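Keep the structure open as you read.

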Amino acid sequence: MSAAKSYDERSIWWLVAADFLHSRIAVGGLVLLAVVVLAALLAPWITPQNPYDLLQLDVLDARLPPGSHSSEGGYTYWLGTDGQGRDLYSAIVYGLRISLTVGVGSALIAAVVGTLVGLVAAYAGGKVDALLMRLVDLLLSFPTILMALMILAYVGKGVGNVMLTLVLLEWAYYARTARGQALVEARREYVDAARGQGIARWRIVTGHILPNCLPPLLVIGALQIARAITLEATLSFLGLGVPITEPSLGLLISNGYQYLLSNEYWISFFPGVALLAAIVAINLVGDQLRDVLNPRLQK
Amino acid sequence: MSAVPVQDLEVPTLEVRNLQTRFHTRAGVLPVVDGVSFTLGRGKVLGLVGESGSGKSVTGFSIMGLVDPPGKVEGGQVLFQGRELTQLPATERRELRGNRIAMIFQDPMATLNPVLRVDTQMIEAVKAHQRVSTEEARRHARDTLGRMGIPSPEERLRAYPHQLSGGMRQRVAIAIAMLHGPDLIIADEPTTALDVTIQAQILSEVQKLVRETGTSLIWISHDLSVVASLADEIAVMYAGRIVEHGTVADVLDHPQHPYTRGLIDSLPSANARGARLRQIQGMTPSLLDMPVGCAFAPRCPHADAACEQRPGVSRPRHDAPWHEVRCFHPQRDTLVPAVSAALPATARVPAQEQDVPLIALRQVAQRFGATLPPGAVGRTLRSIGLSKPPVVTHAVDGVDLSVRPGEVVGLVGESGCGKSTLGRIAAGLLTPTEGEVIVGGKPATSLSGEEQLAARLRIQMVFQDPYASLNPRLRVSRIVGEAALLHGLTDASGQDDYVCAQLRRAGLDPALRHRYPHQFSGGQRQRIGIARALAVQPSMLVCDEAVAALDVSIQAQILNLFMDLRDQLGLAYLFISHDLGVIEHLCDRVVVMYLGRVVESAPVAELFARPAHPYTQALLDEIPSIDARRTTFSAIRGEIPSPIAPPSGCHFHPRCPKAMPRCRAEVPQLRGIAVRHATACHLYEATYDTN
């Protein structure tokens, strides 16, 4: 055998990756996602303008159609400009940054909080379990937007506050899944084996049960990121999300909305396309992850 | 009607010629069935025997035309009453399936639709091939159930599958297969999941049906002994090929192929009690990486260069041309009698009566069941009829059991008898709801935290399912080494060596310690489980059906490992099994359980020579054995009652041939009837009361 590891020495995650790459659509989604993420990461280097620096904006360039030339900077507005004279391309790339930060950040924090709550519920059982799960039921039974609007109306606008709101809304999904999965795993024989070896309970939960609960949580995480981005866009569109000085994709769409009827479609259209691309990419990856990690669908 | 000639005896029911079925997987092409040929006459029973992965089931599926992608029948012919099936259009094949050719599967719960009543499913099956009214179809269904010997068929017809017991479900599945009086039935391990007494009943019923109707039967099984009692012919498969095919007497009494001999030799019943089993080395080769020559050559004691260069050809035995063997070096001599060939049993000092038991259970009981809602609220709810009184199941009901250092105690019983629950109590995984657990002479409840940990480590468990009992996300090195490191049996620097030593003791290559469990075979996984148990330096292992999931040749290897560990480390065992052959071979003392209670307990020789309790006697009668080629089964009647509502008095009385009125009313106490021999049966009270 060569220096490379043989097929059957690879870890489970390696096999999952191999399975994942089997669907062309999923690979397409992964590539699209990579482009979106890279664009967001490299924003200052790939854009001609910093859309948050008001000094770089020129009101005279407001609402120029795609392909127009800037009056001072000497570059082309490939996607046109918005009502403040922002280069839309730059604004979209920077907006992606905010949307992704909010989406990924809130989904991650919610995942940690939710998983913790779920494990505690499964571990403790009894009254603690019942109490926590009823709280989850309560949260999940409220219309999401309404809850978000209420929370935001109370805490106020801002990137941090939007993330806080999203975390408050989303942890329940993780909690329910983590608890269910942990209860299933806790009944497996390997847990009995660990108990029989005198391994402490918290260690069994974190070291043995938790790793086996990760696959479904990962899937939920991927899909919840997309959900969080959508929700943030909706909230910003409704004017309760991020501040106008640091527009996210939703806010950009909202800003262009009023000009749609005057045929200046691009101000809303291109941010919308970017939002669509990001969400489709994440959903494609998430769906494939779900299929690959679900033993029932495995060949 | 098609052009099938009028059936005459010259045309065999089934002729399979050079059948090739391959599976195209991502890892490569697997030749799962690789040139299988055989002929099956009308009314004959062929036992198709092989270990997992030998291709026996896929052979059955290929004949049925039920191979799903990525599998594909890629060569050979299947002639059913002279008619070639593999090239037949799908519609014509479907017309044959269920009508002329029927199949019975291992898991009847998966074959029967859980949301439809039995009659709906049977009527549909009748109407698929006959233009009859629903009433006629239903009558036909009821008659068929009746012919299967199913009591009160009308009631069964109205039931949903989950309301029937496992044995009854399988009978219904067999009845569905028999609906159209097929000419050929392919049965894929239909009794493997059933209890011994139920298996015996079904075997006798199937045998009767086959004789009456002239149906040909292919009985696929991993178990030579089951096939021995049922079949006319046996074909042994190994790695996709039939290596030996002949009559039952040919194959079992004069096995020519070294693999067949190995299989027979490795049965516990073919070896002297307590001695190491003769085993086949190694394991089945991967179909991805098949040897060029004979597939068995790498494991064969007689293999030479010729075997490794080209595959063996099936050749008739010189003195019995119907007995075909695919081997260059067929073994002509008769089977060596077991006793003379077996290694002498190591001189073990039997456990002494006065030794302090490692563990003693005193009148332990384990109740499961709804206890909610408790207290005053529950009483109120119950009084106004909103809550039913809790259903309490006595999984274990007042059992005494002790295991002394170095002693091997066998725990036998059928499903629902509470043997696994008792094992988990012994291993400290369950705290009994009643009774006392005494560990090393001290009540478990009086132990300090530290002593409790030590007591827990002293008794380790080896589980039945080698897949579920290993954490799939952890590497073997951590699975085996974690507890030892945590409890200070080794330190971080010595852990790697420590793990290697444990793996070596369990017969595994330490180089594999960085792999994950899914990269191992079933037998290897069981060794990992054993290494994990050994790593905390126990003095006793509780083995819960620890070899039940393994292939015969692998089972022998693991049993030998258990015996080696017993001799080298002086380990004691509580060996839980439904397999009396294994129990007889391994154990010093046997405890028989029925529905939560101990019915008999005796030293192994005594129990097998003079079984006292009618249940024990029945169990011993029903062990399938390759020596007992029975044509009749003295099956105990009836089913195992549900432990939720066990019969009154002696739980066994509804099935007991010697039941007296007293048995229905009074629970028999366990009492001594000879030295170290105790039984709970009213039959023996009068005789031995004076002792």
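## Overall make-up

Helices and strands here are DSSP runs: a helix has at least four residues, a strand at least two, and both are numbered from the N terminus. By that count, chain B holds 25 helices and 24 strands. The model is predicted.

Chain B has 691 residues, and 48% of them count as buried. Now look at contacts in chain B with a separation of 6 or more. Residues 24 or more positions apart account for 69% of these.

Most residues other than glycine have a negative phi, and most peptide bonds are trans.

The bond from B:Pro69 to B:Pro70 is cis, and its omega is near 5°.

## Two positive phi values

B:Gln81 is not a glycine, yet its phi is positive, near 50°. This residue belongs to the loop that links E4 to strand E5 (83-84) in chain B. Is B:Gln81 buried or exposed? B:Gln81 is buried, because 20 other C-beta atoms lie within 10 Å, and the cut-off for buried is 20 or more.

B:Glu189 is not a glycine either, and its phi is positive at about 50°. Its place is the loop between strand E7 (184-188) and helix H8 (196-213) of chain B. B:Glu189 has 19 C-beta neighbours inside 10 Å, so it counts as partly exposed.

How values were computed
Residues numbered from 1 in each chain as written. Chains lettered and ligands numbered in written order. Predicted model: local features only at pLDDT ≥ 70, side-chain atom pairs only at ≥ 80, totals over all residues. Buried ≥ 20, exposed ≤ 12 C-beta atoms within 10 Å, placed from the backbone. Contact = placed C-beta atoms within 7 Å.
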